[in-house]
There are 2 protein chains.
Amino acid sequence: MCEQREPMAIESVQIADDFWRHWREVNREKTIEYQYQQLQESGTLENFRRASAGEKGGHNGMWFQDSDAYKWIEAASYVLANHHDPELDRRVDNVIDLIAAAQSADGYLNTYFALEEPEKRWTNLNMLHELYCAGHLIEAAVAHYRATGTETLLDVAIDFADHIDRIFGDEVEGVPGHQEIELALMKLAEVTDEPRYRDLARYFVDLRGHDDRLAWEFENIEQIAGYDPEDSDDGIAGQAAGVFLEDGSYNGSYAQAHAPLREQEAVEGHSVRAMYYFAGATDIAAETGDDDLLQHLDLLWRNMTEKRMYVTGGIGSQHAGERFTTDYDLPNETAYAETCAAIGSIFWNQRLFEETGEAKYADLIERQLYNAMLVGMSLDGTEFFYDNVLESDGDHDREGWFECACCPPNIARLLASLEQYLYAVDDDGLYVNQYVSGTARPTIDGTTATLTQTADFPWEGTVEIDVEAMEATDFAIRLRVPEWCTEVTVSVNGNPIAVDAEAGYVTIERIWDDDRITAEFEMDVQVLEAHPNVEADIGRVALQRGPLVYCLEGVDNERPLYQYAIDPETDFEVTHHEELLDGVVTLEGTATVPSKDDWDGELYRSADETDETTAPITAVPYYAWNNRGPNPMRVWIRER
Amino acid sequence: MCEQREPMAIESVQIADDFWRHWREVNREKTIEYQYQQLQESGTLENFRRASAGEKGGHNGMWFQDSDAYKWIEAASYVLANHHDPELDRRVDNVIDLIAAAQSADGYLNTYFALEEPEKRWTNLNMLHELYCAGHLIEAAVAHYRATGTETLLDVAIDFADHIDRIFGDEVEGVPGHQEIELALMKLAEVTDEPRYRDLARYFVDLRGHDDRLAWEFENIEQIAGYDPEDSDDGIAGQAAGVFLEDGSYNGSYAQAHAPLREQEAVEGHSVRAMYYFAGATDIAAETGDDDLLQHLDLLWRNMTEKRMYVTGGIGSQHAGERFTTDYDLPNETAYAETCAAIGSIFWNQRLFEETGEAKYADLIERQLYNAMLVGMSLDGTEFFYDNVLESDGDHDREGWFECACCPPNIARLLASLEQYLYAVDDDGLYVNQYVSGTARPTIDGTTATLTQTADFPWEGTVEIDVEAMEATDFAIRLRVPEWCTEVTVSVNGNPIAVDAEAGYVTIERIWDDDRITAEFEMDVQVLEAHPNVEADIGRVALQRGPLVYCLEGVDNERPLYQYAIDPETDFEVTHHEELLDGVVTLEGTATVPSKDDWDGELYRSADETDETTAPITAVPYYAWNNRGPNPMRVWIRER
């Protein structure tokens, strides 16, 4: 890979962080276990068993159900990279055996097609997700190989990738309806050092928006896989077609195929597809040194972050089509903000950072990690939000599982690979992107250093990093100054360092030997407003402290939440509660509420009679809401 | 009838009013003509023809389509009461002939049953609306008889009413799923002086909430009319059952049958049903001198007006079930506020006024006439709102007709009978309830007087009434002081009268001969707020001047409407525009809007950077919106 900055391997980073330990333990001990049970109960594993036995019909679950197993293996492999767990190791091997047995002699692998429509491979690229599942297989295989050194699944992935490479661009011309294989092939190319996979990834990235294959499939739906004339909805193909078509015609935007990438001026369509696509495209830009493409991707990034993103980092505001809509269309009560889309954005931003070294991408990763992603899972790791509203009257509640179970395993694989997002290395030094306690052992300019970071994010802004170099070496350590931080002080061995916070990073270049960096990132309570074109947020403010967006929950506040109005000048008391919500910092302040005393059976009256009073409010971190039962919640509070 | 106050017959009042002339001319010349064409095009008249010819099957339109014809006759008859129109007269007679020919020998009349399920009469009281259609037949017959003196339709109605009287309480025990026949039977009793019809009305009013017939029908849906096992929705009965059932079980509230009337503590269920029911029940209370019932009806009225009514007078806030929901649940963008429900409320309030003489009921009639009712029809009389939102992003538009075409003929019959709502007479005098130019010839204490009213409502608050008595007579004239009026002056022949505005009426008792009353009702612009429990209106204000609620329309205002914020102290310029919207008074003022100058690609930023600027706003009467194409609208504007 030609990226300028390399993330660190999972094994080189040990996380020992009070905040994240909880989430990662829950993920290892409950979520991944729970998800394995779901693979069994939903028939996902049975699909592989039956396909390998040559059975026909009776495929269980969604037509892309295979990907659940692949994402589970990927998450479990990340765990295995840093944790000795023979039982999990054995369980993963057993699932790999099932998968390998289901692979056809020619390398093809997909249980839906094996069981239901073996003769219709590669006829429905739009909707039947063969390439999407292949991508997750490849990602799982790479993760498993990197974690264990075992090539069992990697061989399966290589055989399938080779099969795809033989078919596409030759027998079949077209791109997947759901991107994923692009970024996966780039990973495969890296571990195998095989440029064919890069070329294949590039083929998929470059062809999108240039061909009419996807449109052709809609026009010839009777000929493609998934079509069932006996089903009143015309089967999977007919149902799926519904989300692609707008007013009955196909314009491609749902799958970012409405125009060539370089001609797209805004982030459009299904938000997860968009993120995976842009991540793959960023890999291609990095690989080929294509600065124009990279700049165009940044243009799309700016459209997303400046016009189409919730304050939580959630993206894709509309339920119908799980998609981006129009600039500033960010409704709160009906926010879709799919958990997977935020995770996809983290993948994309990590690649943008690696290629550019710009702090803004790591800033967004931080925002999405602590807010848009984390809210997707309950504190106990067994219930999930697929869509993440920013306001609820109390009827929004996490669920145990979903028929389309993409989000829970996505959270699992992100949490299990959090190590990758904390540091990065380039030729002349080290980036510290996320403040998470633990140790890292980067190799810089041939020297291995040990960094021991002690932080109490997201609650306190003090960070200590002990740097111990194997031998004294001159290199740079770059500390990200979070976008929310207005005041930062940094010292090395007690000696203050000049800080230019605007630069995104505080760069400390020196001969490192055995030194201590101390940084203080001021965590003020910030009262935020949205751009005036955001109708949903007009006349409202949101609270943020450090990386955390806050919300009001009904259970903490006496009045209906809509009655509270906040003065932006309010002083909030910042209090750590050890017992509350597994330990959180709350914001407590005084808000204005309408007086009810002088309403005497009126429903409407002259506004000059308004009488206000004050009432205490308590805000909790947004990620932690809905862990005390369903109850009203709101992020955007009326401004006084 | 035992009511304390009697409305005046249509023929005794001549309206010559600049404002209402437009609406009533449009109604006569376009709406009623247009609706007649719809009766033909929709197959409504064809249903009668085919039923009288003994044909079977092929009923056109909704199963209660007959009522469209009846409501059209009723409206046309009101027109004929004051307008010589031989062509309309002949057309009405022809429709009456069709109807009469379709009546069975035993008096029964319903084309759906005649054509589709003749053997299933009176088996589905809940959903098939035989009694509802009968009620509209009776109302049409009474109106036609009163207008023309002709008994052709009255005879049909009497025969059907007698048939119903024979069946109900004897062969069948039960109440209609949609009230209407109750108030109709009370009118029939009045014109025929036949107490059996009053008893039958009372039977229907009293039985509701006491019997389990409606629940029985749901449990035995296979046995009742409208059930079609071959239809995937189980036919009309199955479809209709959906709106009655909540979570699969029947509690009766949709049709106000969840409890006996005297045990109902709030207005519940389908709002049109509720209004027709309470109107009929008020008639019964008046007839029987039942003060307890009357007081209970006022309790329900207070629940409605104090907790469940839009500022426009619209009621029934929820689309699903076209119903009342819970206290203070008054969403603006999804407001249902069915036009028919406001009209039903006017019917009910007229009866409450007649029985009590309280101005508050006439106040509500005024509010609903000028706002909730009038908004239901376009200025040209050919397009209609069924549901009336108080806020739109521009996608709400009047339509030419509806499959369920209840609202347009309801507007038509109300506009054509507006005369009835202006004045009322009791033993010692006259009530002037609505300020509408024209003449009235009441007979009071044996003497006929001629009142000539000159007003310019709803634009100006000056009213002149010339009173000319046949012979000088001592009686009272009571002028309603509108609830929105904070300052009123009244004089007779130039001599000021002491006014107690709180009393609801200014009562002038004297010997009237040839005198002039001059009243001045101050029409200030009122900036209203809603009770703090109305979530939809919190932090917002509405504008009202005189009886008119105002709104912002996108076409008049440069910024998106949500960006405007109004200070309640704002001085509005009140300007009459002769050409705009067929002549309206606009309110023009200065609002605060967020500045966009200093937003530099940010989506969220610290709220203390907020920079505001001012912008002009123009508000137009709510009834007149959406007459310049679909465009954004909002009644509740952010408060600064």
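**Figure 1. The loop that holds A:P458 in the predicted model.** In this predicted model, A:P458 sits in a loop of chain A, with β10 (447-455) on one side and β11 (462-480) on the other. The peptide bond that leads from A:F457 into A:P458 is cis. Its omega angle is near -5°.

**Figure 2. The loop that holds B:P458.** In chain B, the loop with B:P458 runs between β10 (447-456) and β11 (460-480). B:F457 and B:P458 are joined by a cis peptide bond. Omega for this bond is about -5°.

**Figure 3. A:D234, a residue with positive phi.** The phi angle of A:D234 is positive, at about 65°, although this residue is not a glycine. A:D234 belongs to the loop of chain A that lies between α10 (213-219) and α11 (235-244). Is A:D234 buried or partly exposed? The relative accessible area of A:D234 is 29%, so this residue counts as partly exposed.

**Figure 4. B:Y328, a residue with positive phi in chain B.** B:Y328 is not a glycine, yet its phi is positive, at about 70°. The loop around B:Y328 lies between α13 (291-307) and α14 (339-356) of chain B. The relative accessibility of B:Y328 is 14%. Buried means under 20% relative accessible area, so B:Y328 counts as buried.

**Figure 5. Chain A and chain B laid on each other.** The same surface serves both copies, since 100% of the contact residues of chain A recur in chain B.

**Figure 6. The fold of chain A.** Chain A contains 16 helices and 24 strands. Its C-alpha atoms fill a box of roughly 75 × 75 × 50 Å along the principal axes. Why does the radius of gyration of chain A agree with a compact globule? A compact globule of 640 residues would have a radius of gyration near 26 Å, and chain A has 25 Å, so the two values agree. Among contacts in chain A with a separation of 6 or more, 70% join residues 24 or more positions apart.

**Figure 7. Surface and charge of chain A.** Of the 640 residues in chain A, 63% count as buried. The chain exposes about 22400 Å², and carbon and sulfur atoms supply 41% of this area. How many positive and negative side chains does chain A have? There are 46 positive and 127 negative side chains, and the centres of these two sets lie 1 Å apart.

How values were computed:
Residues numbered from 1 in each chain as written. Chains lettered and ligands numbered in written order. Predicted model: local features only at pLDDT ≥ 70, side-chain atom pairs only at ≥ 80, totals over all residues. Heavy atoms only, no water. Helix = DSSP H or I, 4+ residues; strand = E, 2+ residues; numbered from the N terminus. Rg over C-alpha atoms; globule rule 2.2 N^0.38 Å. Buried < 20%, exposed > 50% of the residue type's maximum accessible area, 1.4 Å probe, protein only. Contact = heavy atoms within 4.5 Å. Areas by Shrake-Rupley, 256 points an atom, 1.4 Å probe, with all protein chains shown as cover. Lys, Arg positive; Asp, Glu negative; His and termini not counted. Charge placed at Lys NZ, Arg CZ, Asp CG, Glu CD.
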